[in-house]
Amino acid sequence: MLTDRETYLALEKHFEEIRPLHLRALFAEDPARGERFAAEGAGLYLDYSKHRVTTETIGRLAALAGDCGLRARIDAMFRGDRINVTENRAAWHTQLRAGTNPDVEAVLARMAGFATRLRAQSQIRNVVNIGIGGSDLGPVMAYEALRHYSKREFTFRFVSNVDGTDFAECTRDLHPEETLFIVASKTFTTQETMANAEAARQWVKAANLPVAEHFVAVSTAETEVRKFGIDTANMFGFWDWVGGRYSMDSAIGLSTMIAIGPESFREMLAGFRAMDEHFRTAPFEQNLPVLMGLLAVWYVNFFGCETIAVLPYDQYLKRFPAYLQQLTMESNGKRVTRDGVPVKYQTGPVYWGEPGTNGQHSFYQLIHQGTRLIPCDFIGFIETLNPVDGQHDLLMANVFAQSKALAFGQDSAEPHRVFPGNRPSSTILAQRLTPAILGALVALYEHSVFTQAAVWEINPFDQFGVELGKVLAKQVLPALRGEAELKDPDSSTLALIRRYRGK
């Protein structure tokens, strides 16, 4: 197991040497540290100098990754081996952007044809994506991130929550004859998605409009799609080697392609591909996803950190932390190894965050002066897409100032004004937010998650943890509706059901 490896035990001894060191001292000892502890690839520049590491630390972490077989696992993923061992299938999302897979290219061509025709016509003006999980978080994040490049004559909205309020508010000011629904569900049986799809179908029917002209499907379930009333010529498929949280660059991204156009969508895929190649070929010590993944391991398993904050200083990336929550925690929220043995160490930290500078007036207090150590990822851009009277300089001044304050802190005779510093952060910079850079950013975190999983010896590609609650909900539902009594209930659930039913 991980904690029995010699490379891990050596890191434990090294950690005892690193733990008392302050970033102030590390920078004082090495005036060039800010330049030496940096790496770049696929249009992204990573400054990791403000982490509590030395050159020896990075070398030892890279050795641990090698000992855990990271290189072999990277090669296996890119080959399409069945590395998702619990479900006996590949995790081959890199094929979605490789540009060489005939099946993928055929779907992309059909998507491009559909998107081009839709963008050219004048009747449909509203596009509503109905999905949940990866079928929602990816598309909504990508739309918000790339809104600058979107066709502004269209309105794009996203419905995911089975709470009827979500659908009602989404459609309140829309006209059915101007609206197209994209129903995204691989099996076309996802409970929440199909409930919202049915609400949309009734909304269209109430306007005496043909369902087939106002719906398309992203699915592989041809029979179910046809039964729903959607023309299967407007069904776009994907494959069992595409996990939901890795699917935003598949047909799940149809709404993205409609918004930004096929050419910009291809640019996004090229950004993914550039980071894929960097991850596949760069030495570990210069490999952005590997470095970020190993730093996460360093703080989780040695410093005992439980969370990592992602802080994008660009309003277009306001949904990026929410997207990463699924990517990271659904992937690495695991308690057993790939072989099914309970782990003896921590895995999957909590990822969270908000765009800057909003977060500075919210939770930064705890990051700076609280008792928890929270590593941070700052994301910024050298050029803004919306120059407004020098505000971008102010925004980026805050990025650099916050990471500086976290690292070096502030002494004061007044205890309440002391900033202890020595709080780690990465800063990720790109020239500007483009479709290609968004693709590279997403792939950066995908492969960082993969690196963490390889070291922790867990499978990041299944998600059985989401299933039990859904199964139990199907058992509870008839009791809520008074159609049946719940068998062998716990007293809490029974009391809640009675309260809900007013009995």
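**Close-up views of a predicted model**

**View 1. Helix α14 and its surroundings.** Helix α14, which covers residues 320-332, has 13 residues and reaches 18 Å from its first C-alpha to its last, close to the 18 Å expected at 1.5 Å a residue. The model shown here and in the other views is a predicted one. Because 10 of the 13 residues of α14 are buried, this helix is largely enclosed by the rest of the structure. The buried residues are F320, P321, A322, Y323, L324, Q326, L327, T328, S331 and N332, and they pack against α7 (134-145), β8 (307-312), β9 (350-352), β10 and α17.

**View 2. The largest nonpolar core and the residue L44.** The largest nonpolar core has 120 residues, and those with the most contacts inside it are L44, W298, F320, L438, L441 and Y445. Helix α17 provides the largest share of this core, with 14 residues.

**View 3. T193 in helix α9.** T193 has its place in helix α9, which spans residues 191-206, and with a relative accessibility of 1% T193 counts as buried. When residues up to four places away in sequence are not counted, T193 touches I130, G131, I132, V183, A184 and S185. By contrast, G59 lies 134 residues from T193 along the chain, and the C-alpha atoms of these two residues are separated by 47 Å.

**View 4. The largest cavity.** A search of the whole structure finds two cavities of 30 Å³ or more, and the largest of them holds about 110 Å³ of space. Its lining consists of 14 residues, of which M292, L295, A296, I308 and D377 are the closest to its centre. The elements that give two or more residues to this lining are α13 (288-301), β10 (376-381) and α17 (435-456), and α13 gives the most, with four residues. By class, the lining of the largest cavity has nine nonpolar, four polar and one charged residues.

**View 5. The second largest cavity.** The second largest cavity has a volume of about 30 Å³, and the residues that line it are L96, V104, V107, L108, M111, W239, D249, S250 and A251. This lining divides into seven nonpolar residues, one polar and one charged.

**View 6. The largest pocket.** The largest pocket has a volume of about 1,100 Å³ and is lined by 38 residues, of which T190, G244, Q463, V466 and K470 lie nearest its centre. Two or more residues of this lining come from each of the elements α7, α9, α14 and α18 (467-480), and the largest share, four residues, comes from α18. Sorted by class, the lining of the largest pocket has 12 nonpolar, 16 polar and 10 charged residues.

**View 7. The second largest pocket.** About 440 Å³ of space lies in the second largest pocket, which is lined by 19 residues, with T384, N386, Q391, H392 and L395 the closest to its centre. The lining of the second largest pocket divides into seven nonpolar, 10 polar and two charged residues.

Terms used
Residues numbered from 1 in each chain as written. Predicted model: local features only at pLDDT ≥ 70, side-chain atom pairs only at ≥ 80, totals over all residues. Heavy atoms only, no water. 1 Å grid on protein atoms, 1.4 Å probe; cavity = no way out; pocket = protein on both sides within 12 Å on 5 of 7 lines; lining within 4 Å. Points joined across faces, edges and corners; volume = space filled by probe spheres on them. Nonpolar A, V, L, I, M, F, W, Y, C, P; charged D, E, K, R; others polar. Core = buried A, V, L, I, M, F, W, Y, C linked by side-chain atoms within 4.5 Å. Buried < 20%, exposed > 50% of the residue type's maximum accessible area, 1.4 Å probe, protein only. Contact = heavy atoms within 4.5 Å. Expected span 1.5 Å × (residues − 1).
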